[in-house]
Amino acid sequence: MTTIAQILVAAGAGARFKGDKPKQYANLAGKSVLRRSLDNLKEAFPTTRAFVIVHADGDPYLAEQISGFDGTIITVPGGKTRTQSVRAGMATLEDLAPDLVFIHDAARPFVAAKVAEELLSTLQNVQAVAPILPVIDAVKQFDETLGDDLQRGKMRRIQTPQGFRYNDIWPIFQSLEADAQFADDIAVAKFAGLSIGTVDGDEKTFKITYPEDLEKAIRMLGKKNYIATGTGFDVHRTEPGDSLWLCGIEIAAGFSLKGHSDADVGLHALTDAIYGALAEGDIGDHFPPADPKWKGVESHVFLSHAKSLVKKRGGTLQHIDITLICEQPKIKPHRENMRRRVSEILGLSENRVSIKATTTEMLGFTGRGEGIAAQATATVSMPAYD
Ligand code: MG
């Protein structure tokens with residue numbers, strides 16, 4: 001029986017992807033892109049004997065992502081260029097000496113079984129094969145301005161996996177100059193004069209390059225954005241003074257609230273609600289009260305930070321609701337100003353900013369005027385990839 005090995009190229013840094021991890025480790029609906037590529041490659045080529053993963057040197061993510069995989073995995077650090085990385089991968093196969101080797105970009109998580117079948121059958125007649133797709137859009141030269149039309153009918157896009165007869169391709173890789181650089185692996189075969197075949201590729205086998213590509217991949221898996229709700233609660237003690245801060249405005253209440261910052265109990269509860277929706281701890285984690293840096297700071301700084309975390313995670317704040325619990329001051333006369341101020345800090349329509357008040361019927365510490373309490377809810381829509 002024909003022996004097959006797969007080389008997954010996962011050594012790239014993915015500069016265009018802008019994620020906090022290399023794109024091959026981005027979370028694609030519960031599995032990393034790399035693990036989906038690996039699992040799908042195995043499904044498309046069920047008789048594969050070994051999977052070689054060419055990774056970045058010192059890669060801290062790989063081990064976790066391949067654990068539990070049912071198949072033989074060989075890992076090897078790649079080189080500076082794709083060509084060097086693939087050579088490092090092929091070198092690990094000398095003992096196995098497979099009949100066929102396929103080279104696949106780890107950032108293409110969807111491998112079509114039909115393409116795999118056609119690649120295998122085509123390799124019975126040629127030494128190297130690649131999946132190709134037509135160019136749909138008009139293509140032009142470009143050098144600061146549009147130049148000549150290129151004949152798109154004569155052009156093809158090239159995908160992976162690209163397949164080779166190992167005994168043909170491995171000596172060629174070995175004979176390349178150390179710094180040789182090719183756009184892909186079929187280019188190496190072409191350079192060396194091997195016979196080359198093509199099969200129809202599949203649009204589903206697109207390469208995850210930009211963040212939008214990951215969103216598209218998640219949609220293909222039927223995953224949807226989700227709604228997260230967080231709650232916050234805070235209390236500040238009253239103290240003698242002239243005025244206090246509540247929900248971003250100063251109120252001449254005839255007393256103050258005690259606190260390390262401006263003691264805006266409403267904004268503190270709201271800030272915690274947003275951290276809660278993100279499962280990002282609480283205000284004390286982000287702004288430790290022991291740190292003198294935050295002494296006397298205006299609380300909109302905390303709220304703006306929580307909002308910036310929503311954006312960083314790719315989410316959108318949808319709605320907030322604050323309840324202030326006190327006998328004094330009366331909130332109603334200030335309520336619209338509060339809503340306007342909070343809506344301004346959050347960049348959220350006033351229709352999505354609810355502020356209400358209640359008392360505790362003269363009971364407890366709020367009833368006795370010893371402190372003011374606030375509770376808040378924040379609703380955030382989060383991307384499916386979060
Ligand atoms: Mg507080």
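Predicted model: local features only at pLDDT ≥ 70, side-chain atom pairs only at ≥ 80, totals over all residues.
Local features need pLDDT of at least 70 and side-chain atom pairs count only at pLDDT 80 or more, while totals for chains, interfaces and linings use all residues. Residues are numbered from 1 along each chain as its sequence is written, and side-chain values use heavy atoms, with hydrogens and water left out.

Start with the overall layout. The chain is divided into domain 1 (4-220) and domain 2 (225-383); such bounds come from an automatic or database domain assignment. Taken over C-alpha atoms, the domain centres are 51 Å apart.

Now look at helix H5 (residues 166-175). Helices (H or I, at least four residues) and strands (E, at least two) are DSSP runs, numbered from the N terminus. The buried residues of H5 are Tyr166, Ile169, Trp170, Ile172 and Phe173. Buried means under 20% relative accessible area, exposed over 50%, and partly exposed in between (1.4 Å probe, protein chains only). Seen down the helix axis, these buried residues fall within an arc of 165°, so they line one face of H5. The arc is that of the directions from the helix axis to the C-beta atoms. An α-helix has 3.6 residues a turn, so residues three or four places apart point the same way. On the other side of H5, Asn167 and Ser175 are exposed.

Next comes the largest nonpolar core, with 46 residues. A nonpolar core is a set of buried Ala, Val, Leu, Ile, Met, Phe, Trp, Tyr and Cys residues joined through side-chain atoms within 4.5 Å. Among the residues with the most contacts inside this core are Ile274, Ile320 and Leu346. Helix H8 (265-278) is one of the elements that give two or more residues. The largest share, nine residues, comes from H8.

The ion's protein donors are Asp234 (OD), His236 (NE2) and His268 (ND1), lying 2.1 to 2.3 Å from it. Donors are N, O and S atoms within 2.8 Å of the metal (3.2 Å for Na, K and Ca); water is not among the atoms, so sites may look incomplete. Asp234 sits in strand S13 (residues 226-239) and His268 in H8, 34 residues apart. Asp234 counts as buried at 17% relative accessibility, and His268 is buried at 7%.

Glu144 has phi near 70° and is exposed, at 75%. Ala263 has phi near 60° but is buried, at 0%.
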